[in-house]
Amino acid sequence: MTGFAIKRILKGIFTVWCIWTIVFFLVRLTGDPTDWLVEDGASTTYVEQLRQQLHVDEPLHIQYIESLKDLLTGNLGYSRQYKKDVILLYKERLPQTLKLALPSLLLGAVFGVALGTVAAIKHDSFADKTVRVVTVVFHTLPNFCLGIIMILFFSLTLRWFPSAGSATWKSYIMPMLTLASGPTATIARLTRNSLVNTMTNEYIDGARMKGVSEINVIIRHGLRNSLSPVVTRIGMQIGTIIGGSAVVENVFSWPGMGQLLVTAAKNRDFQVVQLGVLIIATTVTIAHILIDLSHGWLDPRVREQVK
Amino acid sequence: MDNILEVRNLRTYYHTRTRTVPAVDGVDFTLKPKEILGLVGESGCGKTTVARSVVGLINRRNTKIESGEILFKGQELNGMDSHRLCGIRGKGISMIFQDPFVSLSPVYTVFSQIYEVMKAHDPEITKAQARGRIIELLQNVGIPSPELRLDDYPFQLSGGMQQRVMIAIALANNPDILIADEPTTALDVTVQAQVLDLLLQLRDRYEMAMILISHNLAVVASICDRVCVMYGGVVVEEASVYDIFDHPMHPYTKGLMASIPSISGDRKEELFSIKGNVEVIEPPVTCCRFCKRCERATEECRLSEPPLVEVGPGHKVRCFNRDRED
Amino acid sequence: MEDRTDVLLEVDHIRKDFVQKAKKTRTNRKGKVTVKAVDDVSFTIRPGEALGLIGESGCGKTTVSRVVMNLIRPTEGKIIFKGTEVTKHNIMEFRRSVQMVFQDPYASLDPKMSIREIVEEPLRVHTKLSKKDMDAVVIPVLERIGLSREDLDKFPHEFSGGQRQRIGIARALVTKPDLLVCDEPVSALDVSIQASILNLFKTLQQDLGLAYLFISHDMSVERHMADRIAVMYLGRIVELAETDELFSNTLHPYTMALMKSIPVPDPRQKLTREYLKGEPPSPISPPSGCPFHERCAFATEKCSQERPEFLDVGGGHCVACHNWAAIREGK
């Protein structure tokens, strides 16, 4: 198992490096950042000076090697736009995003599994059909759409929740619901299908024939054996949620990392974009490693294979 | 009390969107303590549905027990609330299934699967108390060095060992009845012989009655005391194992026996084969269910269903032409 | 050796290894093990003869059928058909002459194809017949196996298991093969249906002079169908003889155990207590010497050290056992 974990972590580091490299070249394809940083009519010498300062005058491969060195030494750069060290910038913004993303993920997981289980047990009933229809709606509705609808309805018409900012607990409700809607729907559908499938297995009847009560049959044997794909999907939702937060934070003017990233990309603030992507890539990669390890924990057959 | 299980006029129908399939359509049988009763027939004859109806293991969404009494030690099981039924499953009546690989939960160890059935009927029992009993059980079902097997998962065991674990689970609470649904069909012949012998020995050791469901007449002949032959959801012939093999009376029973290639005696060029296929007849049934495939069917057979008639001590046949020689 | 002209198919010392992942250890750095699924198997089939291949699950009988069909390449050895070795140059001709019938009549027919398409498919591959000519071939074949012209445009789900198996046989017959490889063709069927399919196989053998490689786990089915029977254990043939000879003069202890284990439909013949103990060893780490010696009642010191050769002990009765002579004396 340890060998498997180490191998998996090394693969993860490689993935993150690949993503970082791609992003490095992608942002530089968008053009020269100095265009945004200097005012119109600035002298060419000033522009040249700035270009040297930013190292954008050097050939790309030299820039790449320099950046890689900086990355490894922890010198991640300086945001021209915010006039701040990027690490400090993310120290402010990241917690804001996490405050939103983590509860949303939890909400999605708990509600998703609960709804999926109910739908599966009452399979083909009215409750099941309702869950199926509602989840399709939330699955297909884009975050920004749902966000705007909520603002229109709950903030502007009913005046229950504020439409922007992160001042009170009330500010959390709408962005969290928006962010959790997609994952809840996905997880609910998957849990339902997986559980319906598991419940047709003969070992379910085997458990019933032991005299185990139906609720314990569902939890101990049904859910336990359906969980592998569900856990995978929950882990993958981390990517969806962080990606979604870029949109949701903009809709609700939430001062988080997503909002920062969008502005930085617009302004060719390379260092900010690069660190942002690095953080997201690392988080998603770690999530995937945890998913893989959880399979070993959930399923003895997987444990046997990786031994 | 004479009979440990009495089933009277059991009807279990399976409903699809377009039609009703009478999987079991009026089955009566009794089971005495320590008796091994064989339910034999081809796929679709209703033998498994009978067993599943007895313990309430039917898919309630599309299957319904339409009528019937299922008396286990005098208690009515049909319509019993699920809490009391859970108290009987795994303690009064246990069941083992055809394919042990899919009937054992894949993610739990041998120990925890057996512990679960003990715990379900004795919430006080601790793992330490159970351990000794589980090792003894595994020994009784013929698992070598059981201490080493306790922490194995089902996929680490061979098919024969898995079926033995299944049997250990079924016996953990000393049941009065063991229902074995095709217990050896998924196993190799040499392992089948081991498991059949084990079931016979366990019947004596645990003093339990057994219902053996099988499509294989030879398996039934080798361990059963009494046999019910089923066709189209009803019992067509019931007799002691000797009577049924010595003097089969129903044309279906005779046909089944003639269609098995034999392992001894002369090699036949051609086997007897029952013409046609099993057909679903929707209720109400107004003919003999076997008449379309029967060589001796008469007009009477096409107009009304023959009753199950006692023709000798404990020998019952459902056929109008039972006395005709052919 | 037999007269070559009298041999339809010769399987010559085939071996098939599968490489499996295993735990990496100091002695096994690559973490791979070789499983000998089939180990040095040879037999011949004469024209019009049914050769039965029997054994328990995991003994390699299905692998043999797949090697014979050239669906997988053997690691060693060759398949000789009508005197010529089967290579990729003459594989099409071979495939026309050797057809296969599968175990599961539900899984082996494509549910989206009509009976006409299913049965015509081998013709489309092997011939350039027009649509009309194809009907002229297909309809007699369907009638021969007990279906009719009206069934041509139906789909598999409209038929019962037994009828589907007949369709599978029809598909195998349209190219007028010399040999049918049947892998457990009746084990998924009910007894009454099984009898009619076995009768059909017998009739086809008599009428068309078909030869069979008939694979089964059921001794009584083999006894009914096969002219000669080969018994496999752990990837090897341990005994091969004419059917009547095999039953009346069994020489290998495994064959004897197999026969004793079969329950008989006679309540007076109570269950044997002489069944084999234990289960077949894993082909990943087969025992030394004779692969059966650990479970064998006749095993001697020699059996655990030396692998017995597969010998013809007279009249084409071949056996791989050190003690065959003693066993024959003891009878």
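Of the 331 residues of chain C, 42% count as buried. The model is predicted.

**Chain C as a whole**

- Chain C holds 11 helices and 12 strands.
- The C-alpha trace of chain C spans about 70 × 55 × 45 Å along its principal axes.
- Take the contacts in chain C between residues at least 6 apart in sequence: 66% of them join residues at least 24 apart.

**Where chain C touches chain B**

- On this interface, 34 residues of chain C are in contact with 40 residues of chain B.
- Three elements of chain C give two or more residues to its side: α6 (191–208), α7 (219–225) and α9 (253–261).
- Helix α6(C) gives the most, with 7 residues.
- By class, the chain C side divides into 15 nonpolar, 11 polar and 8 charged residues.

**Helices α10 and α12 of chain A**

- Helix α10 (residues 214–251) of chain A packs against helix α12 (residues 270–298) of chain A at an angle of about 175°. Their axes are 9 Å apart.
- Angles over 145 degrees count as roughly antiparallel, so α10(A) is roughly antiparallel to α12(A).
- From α10(A), the residues that meet α12(A) include A:Leu227, A:Val231, A:Gly235, A:Ile238 and A:Ile242.
- From α12(A), the residues that meet α10(A) include A:Ile280, A:Val284, A:Ala287, A:Ile291 and A:Leu298.
- This contact has 10 nonpolar and 8 polar residues, and no charged ones.

**A closer look at α12 of chain A**

- The 29 residues of α12(A) should span 42 Å at 1.5 Å a residue. The end C-alpha atoms of α12(A) are 42 Å apart, which agrees.
- Among the buried residues of α12(A) are A:Phe270, A:Gln271, A:Val272, A:Val273, A:Leu275 and A:Gly276.
- A:Ile280 and A:Val284 are buried, and both also meet α10(A).
- The cover over the buried residues of α12(A) includes α1 (2–29), β1 (78–79), α5 (86–121), α10 and α11 (257–266) of chain A.

How values were computed:
Residues are numbered from 1 along each chain as its sequence is written. Chains are lettered from A and ligands numbered from 1 in the order in which they are written. This is a predicted model: local features need pLDDT of at least 70, side-chain atom pairs count only at pLDDT 80 or more; totals for chains, interfaces and linings use all residues. Axes are lines fitted to C-alpha atoms, for helices over the stretch in contact, and angles run from 0 to 180 degrees between N-to-C directions. Helices (H or I, at least four residues) and strands (E, at least two) are DSSP runs, numbered from the N terminus. Angles under 35 degrees count as roughly parallel, over 145 as roughly antiparallel, 65 to 115 as roughly perpendicular and the rest as oblique. Two residues are in contact if their C-beta atoms, placed from the backbone, lie within 7 Å. Ala, Val, Leu, Ile, Met, Phe, Trp, Tyr, Cys and Pro count as nonpolar, Asp, Glu, Lys and Arg as charged, and the others, Gly among them, as polar. A residue is buried if 20 or more other C-beta atoms lie within 10 Å of its own, exposed if 12 or fewer, and partly exposed in between; C-beta atoms are placed from the backbone. The expected span of a helix is 1.5 Å times one less than its number of residues.
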